[in-house]
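Here is a colleague's note for someone meeting this structure for the first time. Please look at the model first and then read the points in order.

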Protein chains: 2
Amino acid sequence: MPVVVQKYGGTSVADPERITRVADRIRETREKGNDVVVVVSAMGHTTDELLELAAQVSDNPPRRELDMLLSTGERISMALLAMALEARGVPAVSYTGSQAGVLTNSMHGEARITKITGERVRQSLEEGKVVIVAGFQGVDPVTKEITTLGRGGSDATAVALAASLGADHVEIYTDVDGVYTADPRIVPVAQKLDELGFDEMLEMAASGAGVLMTRSVEIGRRYDLPIHVRSSFHDGEGTWVRDSEVMEQAIVSGIAHDRSEVRFTVSGVPNRPGIAARLFGALADARIVVDTIVQNIAHDGTADISFTVPKAAVAEAERITKEVGDELGATVELDHGIGKVSIIGAGMKSQPGVAALMFRTLAGLGIDIEMISTSTIRITCVIRADRIDEAVAALHEAFGLQDGPNRQEGES
Amino acid sequence: MPVVVQKYGGTSVADPERITRVADRIRETREKGNDVVVVVSAMGHTTDELLELAAQVSDNPPRRELDMLLSTGERISMALLAMALEARGVPAVSYTGSQAGVLTNSMHGEARITKITGERVRQSLEEGKVVIVAGFQGVDPVTKEITTLGRGGSDATAVALAASLGADHVEIYTDVDGVYTADPRIVPVAQKLDELGFDEMLEMAASGAGVLMTRSVEIGRRYDLPIHVRSSFHDGEGTWVRDSEVMEQAIVSGIAHDRSEVRFTVSGVPNRPGIAARLFGALADARIVVDTIVQNIAHDGTADISFTVPKAAVAEAERITKEVGDELGATVELDHGIGKVSIIGAGMKSQPGVAALMFRTLAGLGIDIEMISTSTIRITCVIRADRIDEAVAALHEAFGLQDGPNRQEGES
C-alpha cells in the first residue's frame, strides 16, 4: 500500500474539536487505500505556556531540561489524536520521537536529525495501524537524551520520515492554503502558487515566507521528495514544492518580506585581512545566523561592516559584536527599523532586467535601498521597515503576479 | 554519602512558586551532606485536565494511549524542578520513569513495578547531581511501552527507588502533617502519630486513611524501609512508618473511615459449592477489588452474599454481578448509602475487650452495625454513611486517642 505522511501544525490540533476533525481527515485518507503516518505539533500555544512556566522557575533553564519539558507538548497531542482515531474505529498508535527512531545529534533545543530508523513505525503500519509520531523531538542515540529540533522541527520530522519510509510525497497541513506570490494580508490579489521548485522555496523561506522553514525544504530537495503544503480546513489542493523538469521556470515566483531582523553597523574597522573573519567567526561560534553582509571602505582607509541578525539573537550578537568592536577600536550601532523585501524566481538568472525593474519600482515610491544582496534566483533589498507593505504591493504589481507567477521575459 | 529519597505530591508542586520552595528544601537537604533523589507527581490538577481532554476526543480511550498522555504530567514537573534547582546553583538532572529504569509489567494504567535498575540515577548521583525522577510511570522492558502505575504510583516509585538505592529511609512530602489517630476534619482533637507499624499503616490505608496507599507501604514492609510521611509546608517531624522492635504496641493506634464504597447484595443464591468462587472469580478477572464479604444462609436454604466495591468500579461490578445473578436466578441490589469505620492497632490481637468496646460505643449512639469484618489488628463495621462522623468521634474518645495511641489495656 502507498504510504502517505501527513503533518499537522499547532493550530490544526489546537483543541479537542479540531483534533477530531483531523482524525476524520486521516480516516478518509486511509479509506482511499493508503497507509498513513502522521506527525503532530503541540496543541495551539502549549509550547509557549511551557516556556512561560520555565521562565517562572529559572532565568536561564538548562537546555537539556527545556527539552524534557517541551517534548511533552507533542506527546499530549499525539496521544489525543490516537484516541480520537480509535474512537472512530481506526486502529492507531502514537510514538514519541525516540520510539519512532528519530535519531539526532546532541544539540539540545536545535538538534539535527541524523537518521530515522522507523522500525516500530513500519511494524505498526504492517499491522494495519495509523501511526502518529510526535514532531519536534528525537533522541541522541549515544547519550540516550531526549532532544528537541527547534523551529520548523515538526515539518523536518515529517519530511525526513516520509523519505525514510519511501513515501511518494509528504503533506504539510497548515492554517493557510499554500504558498502565495506574496503575503495575502499585504497584497489582497496575491495568488496561490500551484507549484514551486525546491530552490525557490528555500529562498522564499530564507527571505521571510513563513509557511515552510528552510530545513524541511532542504531535506525534501536532498531526497527529491515532493512537499504538498495545504490547508487543514478544506480539501482543496495547496502548493506543491518539487522540481519539475518540464515546467517553464518562472522569472519571478513571489515576493517575500521580513521584519524580524536588526542591522548592526561596525564603523571605523581597520582595513586589514582577517577582521571580518574575527567578527563573523565569533558570531558563528555562538550559532548566530548572520544575513546580508555589506562591507564598505571609507575614504580614511577604515571599513564599515553592516550585517543583519534575527531579533531573537540580538542580545547575544550585541555582546559579541561590541566585544570585537572594542578590540578593534571600532564603534557598533544597531538599527531596529529595517526590513527586507525579496523577489524570488528560478528563471531570474537568465533575465538581466529583473534587478533593474525591482530597483526602479522602489525608486518610484521614493524608497531608499540601504543594502542589497543577491543569489542567482533572489534579489533582496534592505529598506525601512515601515515601507515594507507598499514595497511588496508595488513589486507584486510590477512583476504582474496578480496573474500568477511571471513567466514572461523581464524588461531588459 | 547517605542517599535521601524524597517524594513531593501534586499540591507540593502545584505552581512555579511552590516548585521553587521545594527546590529550596532540596538544597537544604543536600547542604546537610546528603545525596538527594526526588520523585515528583504532576502539578496540581494536571492529570485531571489531561483526562478531561481525553474524554473530549474519545468515550473509551485505549489505555496505552492514556498512559502516553498522562505520563507527560510528571515530566513537566520534573523538568521544572530540575530547572529551579539549577537556578539556585544546585546541579540537577531529571529522568523519566523509563530513563530511571523503573521497569513494570504491561498493565497500562495500573502497572506494577517489577524492578528498578536505576543505572542513570546512580551515575548522576556520583557526578554530584540531584536526581529528579518522574513518578507514576515506568516502562515495560519487553514491549518498550510506557506505562503508568495508577493510584499511589508516585509513592510506590519513591519507596521502591529508595530500596533499590539502599537509602536509610524515604520521605513522603504531602499537604498534611502526617498520619493522625483519626481524620482531623472530623475529630478536632485527633493526634498526629509519631510512629506506626507497617501492618497498622497497611490496615489504616486499606480502611480509608488517605495519606499513604497500601502499595507503597507493602514495598516498605518488604524491604524494611522506614517511610517518613511529613508536610512540605514546614520542617516539623511527621509520622514514621516502620517496625519498631522495642516499642510497646498500641492497642488502638487510630480510627479510619471510608465513604467510597458501595454494597452489593446478591439474594436467593442456591446454596451449593462453587457459587461464591464463580462470582468473585468473575469480579477478580475484571481486576475489581472486593472488600468485606459476608455470606448468610437463609431459612429456605438459599444464601445471601454481600460485599463492598469501590465507587469507581461500580458500573463494571454491577454488569458482572447481574450477569452472574441472572445465571443463578438470584437478585442483585446496590446500596450507595454505606460507610465503613475501622479501629486499627497492632496490640489489639492480645486484647479481647477491644471489639466489645467498639460495638458498645456504636450501640450507645443507636447505630446499627450492618456488616463486620476483622483482621488480627483491625475491626471494621459497615454502618450508614451519614452516621460515620459521629461514630469516628465517639470511638476516638472511647479509646482515649485524644492522648495519643492507646497503650493501656482495653476493657475485658
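The points below go from the single chain to the way the two copies meet.

1. This is a predicted model, in which local features need pLDDT of at least 70, side-chain atom pairs count only at pLDDT 80 or more, and totals for chains, interfaces and linings use all residues. Residues are numbered from 1 along each chain as its sequence is written, while chains are lettered from A and ligands numbered from 1 in the order in which they are written.

2. Chain A has 11 helices and 20 strands, taken as DSSP runs numbered from the N terminus (helices H or I, at least four residues; strands E, at least two). Its C-alpha trace spans about 75 × 50 × 35 Å along the principal axes.

3. Of the 412 residues in chain A, 49% are buried, that is, they have 20 or more other C-beta atoms within 10 Å of their own, with C-beta atoms placed from the backbone.

4. In chain A, 27 residues are in contact with 27 residues of chain B, a contact being two residues whose C-beta atoms, placed from the backbone, lie within 7 Å. The largest share of this side of chain A, 14 residues, comes from α3(A).

5. Chain A is superposed on chain B by a rotation of 180° with 0.0 Å of shift along its axis (RMSD 0.1 Å), fitted by least squares on the C-alpha atoms of residues with pLDDT of at least 70 in both. That is the relation of a two-fold axis. Thr72(A) is the residue of chain A that comes closest to the rotation axis, at 2.7 Å (C-alpha).

Technical notes:
Buried ≥ 20, exposed ≤ 12 C-beta atoms within 10 Å, placed from the backbone.
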